[in-house]
Amino acid sequence: MKIKVLHIIDVYLPETMIWLEKLMLLSTDIYEHHIHTDYLIRKVNSEFVQTNHNQITVAYPINTFDKISNKIRQFLKPNEVLNYIRVHDIDILHVHFGHLALDYFDTIRNLKIPSVISFYGFDYERLPYLYPKIKLKYEALGRLGCFFIVEGNYSKNLLHSYGITKERIKIVHMLYAHQYAFVQQSLARPIRFVQVATYTEKKGQDIFLEAIKTIDKPNLVVDFYGEIANQQYYNKLQNLSKNLKHVQIRFHSKISFEQYKLILQQSDIAVNLSRRSKEFDTEGGCPVFVKDALWFGKPVFSTDHCDIPEIVVHGLNGWIAKEDSVESASQVLSQILNLSENEYRSYATNALMSVNCNAKGQITLSDIIACYNSMIR
């Protein structure tokens with residue numbers, strides 16, 4: 001008989017969170033996944049059990065009416081979850097995002113089954129920065145017996161600093177095998193850089209543009225793709241690009257997943273100079289874009305931010321600059337622009353292998369099984 005896991009998710013599942021669905025799909029032979037969600041954007045995958053079959057889908061982004069309706073239901077949801085766990089003999093509760101776990105604090109306290117909370121960035125760094133007392137609530141969840149999932153050692157040490165014992169913090173590497181094949185290509189001149197990310201400060205597009213400005217006649221093309229999260233920041237990027245000569249800087253809107261795959265295949269180098277924003281917004285772990293680029297055999301130019309250095313290894317499958325440093329980014333960019341064809345091919349091969357071996361070796365599945373088993377024990 002399969003072990004039953006109830007997943008609590010606030011939104012199921014816009015395209016930007018497809019990695020979460022993949023995490024569950026890896027283990028359907030072992031676990032029976034039940035989905036409880038506040039907002040249903042599309043129907044739950046047929047491999048999973050939906051807790052509320054009458055739940056209607058809502059548009060994304062979520063409108064004000066649906067948010068108000070959800071707030072009204074806020075007081076009923078904890079009892080709904082407790083009753084569901086009892087009626088369906090759920091073995092494990094898995095809450096995705098720390099702030100959602102706080103909404104179910106009393107539910108977790110009253111449970112007779114083990115609980116685990118996955119943290120993804122905003123919930124364990126920016127949120128405690130804005131509301132410091134949240135650290136105490138996370139510590140209290142640890143004392144209740146909760147386990148915690150993060151992506152790497154930076155994240156693990158951060159949670160530990162909040163008073164959570166390291167034995168209860170488990171690392172799950174979010175690496176997935178894809179169906180498309182790697183095609184080795186020659187290094188283009190000008191070198192084609194690409195970044196697919198929201199236009200927001202933590203993604204570091206401005207640091208990259210500032211670094212380009214320091215290079216004498218840089219032979220490169222840059223394509224940015226994404227949603228505008230901060231109009232003022234986006235305007236800053238536009239102004240920076242206007243002052244750059246001898247280069248092509250192109251800004252694009254959000255793209256579909258099919259376009260995303262083609263764009264990655266046609267680029268030379270992925271860039272994502274992540275950093276901590278003024279409001280303490282961070283990546284929390286390693287961006288999905290970085291891992292996808294490596295799967296396509298694209299070397300990555302990134303920073304020593306959060307858990308990124310555990311995925312991107314300087315001099316092997318990419319380059320690491322110091323976070324939030326134009327000078328460091330400029331030095332690394334100079335190295336990249338002087339790459340030989342053979343050097344590029346070596347980086348590209350290493351990029352592919354660094355993710356491919358771990359993903360095909362089911363490292364993510366092994367991590368989640370180890371986590372659940374330690375909880376059940």
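# Notebook: a look through a predicted model

I began with Cys286, which I found in the loop between β11 (269-272) and α12; I keep in mind throughout that this is a predicted model. Is Cys286 buried or exposed? Its relative accessibility is 5%, and since buried means under 20%, Cys286 counts as buried. I then listed what Cys286 touches, leaving out residues up to four places away in sequence, and noted Glu151, Lys291, Asp307, Ile308 and Ile311. I also looked up Met353, which is 67 residues from Cys286 along the chain, and the C-alpha atoms of the two are separated by 18 Å.

**Helix α11.** Next I turned to α11, residues 257-266, and wrote down its buried residues as Tyr260, Lys261, Ile263 and Leu264. Why do they lie on the same side of α11? They cover an arc of only 165° around the axis, and therefore they share one side of the helix. I then asked which elements the buried residues of α11 pack against, and I found β8 (191-196), β9 (220-225) and α12 (288-295).

For α9, residues 205-213, I noted that the helix is mostly covered, with seven of its nine residues buried. These are Gln205, Asp206, Ile207, Phe208, Leu209, Ala211 and Ile212. In the loop between β8 and α9 I looked up Thr198, which is partly exposed, with a relative accessible area of 29%. Apart from neighbours within four places in sequence, Thr198 is in contact with Lys203, Gln205, Glu227 and Ala229. Thr198 and Arg143 are 55 residues apart in sequence, and their C-alpha atoms are 36 Å apart in space.

**Nonpolar cores.** How many residues does the largest nonpolar core have? I recorded 36, and those with the most contacts inside it are Phe193, Phe208, Ile212, Phe301 and Leu333.

Which element gives the most to the lining? It is β2, with five residues, while β2 (31-40), α2 (64-72) and α3 (77-87) each supply at least two. Sorted by kind, the lining residues are seven nonpolar, seven polar and four charged.

**Backbone details.** Finally I checked some backbone angles. Arg189 and Pro190 are joined by a cis peptide bond, with omega about 0°, and Pro190 lies in the loop between β7 (169-171) and β8. Phe97 is not a glycine, yet its phi is positive, near 90°; I placed Phe97 in the loop between β4 (92-96) and α4 (98-103), where it counts as buried at 15% relative accessibility. Asp324 likewise has a positive phi, near 60°, and sits in the loop between β13 (318-321) and α13 (326-337). With a relative accessible area of 47%, Asp324 is partly exposed.

Methods
Residues are numbered from 1 along each chain as its sequence is written. This is a predicted model: local features need pLDDT of at least 70, side-chain atom pairs count only at pLDDT 80 or more; totals for chains, interfaces and linings use all residues. Side-chain values use heavy atoms; hydrogens and water are left out. Helices (H or I, at least four residues) and strands (E, at least two) are DSSP runs, numbered from the N terminus. Ala, Val, Leu, Ile, Met, Phe, Trp, Tyr, Cys and Pro count as nonpolar, Asp, Glu, Lys and Arg as charged, and the others, Gly among them, as polar. A nonpolar core is a set of buried Ala, Val, Leu, Ile, Met, Phe, Trp, Tyr and Cys residues joined through side-chain atoms within 4.5 Å. Buried means under 20% relative accessible area, exposed over 50%, partly exposed in between (1.4 Å probe, protein chains only). The arc is that of the directions from the helix axis to the C-beta atoms. Contact means heavy atoms within 4.5 Å.
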